[in-house]
Amino acid sequence: MSNTETRPAELVCGTVAEAGPDTGTVPGGPAPADIEVLGPRDVPLGGPRAMRVRRTLPQRARTLIGAWCFADHYGPDDVASTGGMDVAPHPHIGLQTVSWLFSGEIEHRDSLGTHAFVRPGELNLMTSGHGISHSEVSTPATTVLHGVQLWVALPAEHRDTARDFQHHVPTAVPLEDGEARVFLGSLAGDTSPVRTFTPLLGAELSVAPGATVTLDVDPAFEHGVLVDRGGIVLDGTTLQPADLGYAPPGRAALTLTNRGSETARLILLGGPPFREEIIMWWNFIGGSHDEIVRAREDWTKGTRFGEVRGYDGAALPAPELPNTPLKPRGSKR
């Protein structure tokens with residue numbers, strides 16, 4: 001998925017020392033000081049009537065969780081009203097895209113020659129490395145589109161790796177009063193075979209109404225819980241639908257309580273803190289201003305990124321760069 005903002009800001013992909021304000025607690029007791037609640041902002045994705053997404057990463061309070069640096073959450077979207085998803089061919093460098101659906105179907109085409117479909121419960125992971133381009137279009141059979149699109153920053157030693165595409169259908173793993181589908185990393189005794197360039201965790205979780213689920217996790221990881229539906233309490237802090245709850249490293253377990261009357265659905269993300277200084281601008285992640293400038297120039301010239309065959313329409317143009325140099329930054333703003 002593309003960042004379709006026409007005036008994208010320079011963004012820091014790194015953890016921050018200063019936590020944002022906590023926005024919800026369990027009634028009758030204080031929330032743990034180290035749980036952050038990150039609310040979403042609405043961003044127009046595109047299409048005839050501008051389908052919108054809710055973006056929780058990156059933002060000023062926190063720019064990534066592990067190497068996870070971008071999180072868009074969309075739907076349930078009535079395609080008849082919005083036109084659905086129609087993202088024209090666009091470029092990426094220095095990252096991996098992770099597509100995960102709850103409902104609907106998306107047609108993916110890329111400059112590797114991949115022609116694949118994103119379907120509920122199936123992972124599509126694309127590695128851009130030195131450069132790739134792709135398009136994403138909801139299929140005519142889709143009536144309701146609902147899911148998440150995530151990006152993972154590549155570390156410097158792998159930033160120019162070869163482009164790649166992986167597909168995986170994880171098995172549903174039963175939990176006490178819930179279920180997990182582990183699409184990246186390891187959780188609840190299941191391990192995904194999908195290759196990544198830093199340790200990562202990515203899973204869809206469900207929690208039954210009124211139930212509590214405790215998950216053993218790697219204490220070296222920081223974690224994020226993105227709520228799709230349900231009234232969730234994460235280690236004492238209340239999360240509303242579309243909120244992203246952040247837990248810093250040091251926890252060996254996460255406790256999730258569903259206080260709602262329907263089965264809760266969540267996306268759990270994790271990884272060790274990403275310590276490198278990088279620049280995130282538009283659809284590019286690089287280590288210097290010059291890297292970003294070269295990538296933009298190559299896209300404009302029609303070189304480096306290859307051709308997406310089968311998409312009916314023009315590619316996305318690159319936005320203008322800011323007037324000041326882009327500066328790589330690390331863990332603090």
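A polar contact here is a pair of N or O atoms within 3.5 Å, where, within protein, one must be able to donate a hydrogen and the other to accept it. Keep that in mind as we walk through this predicted model.

Let's start with the whole chain. It has two helices and 27 strands. Of its 333 residues, 56% are buried. Among contacts with a separation of 6 or more, 74% join residues 24 or more positions apart. The chain exposes about 13300 Å², with carbon and sulfur atoms supplying 49% of that area.

Now to the interior. In soluble globular proteins, nonpolar side chains tend to be buried together. The largest nonpolar core here holds 33 residues, and those touching the most other members are Trp68, Cys69, Val98, Leu123, Phe183, Leu184 and Ile267. Several strands each supply at least two residues of this core, including β5 (68-78), β7 (95-103), β15 (178-184) and β25 (264-271). The top contributor is β12, which gives five residues.

Finally, visit Thr257, which sits in strand β24 (residues 253-258). Thr257 counts as buried because its relative accessibility is 19%, and buried means under 20%. Its side chain makes a polar contact with the side chain of Thr212, at 2.9 Å. Leaving aside residues up to four places away in sequence, Thr257 touches Thr212 along with Ala211, Gly231, Ile232 and Val233.

Methods
Residues are numbered from 1 along each chain as its sequence is written. This is a predicted model: local features need pLDDT of at least 70, side-chain atom pairs count only at pLDDT 80 or more; totals for chains, interfaces and linings use all residues. Side-chain values use heavy atoms; hydrogens and water are left out. Helices (H or I, at least four residues) and strands (E, at least two) are DSSP runs, numbered from the N terminus. Buried means under 20% relative accessible area, exposed over 50%, partly exposed in between (1.4 Å probe, protein chains only). Contact means heavy atoms within 4.5 Å. Accessible areas come from the Shrake-Rupley method with a 1.4 Å probe; for residues, only the protein chains shown count as cover. A nonpolar core is a set of buried Ala, Val, Leu, Ile, Met, Phe, Trp, Tyr and Cys residues joined through side-chain atoms within 4.5 Å.
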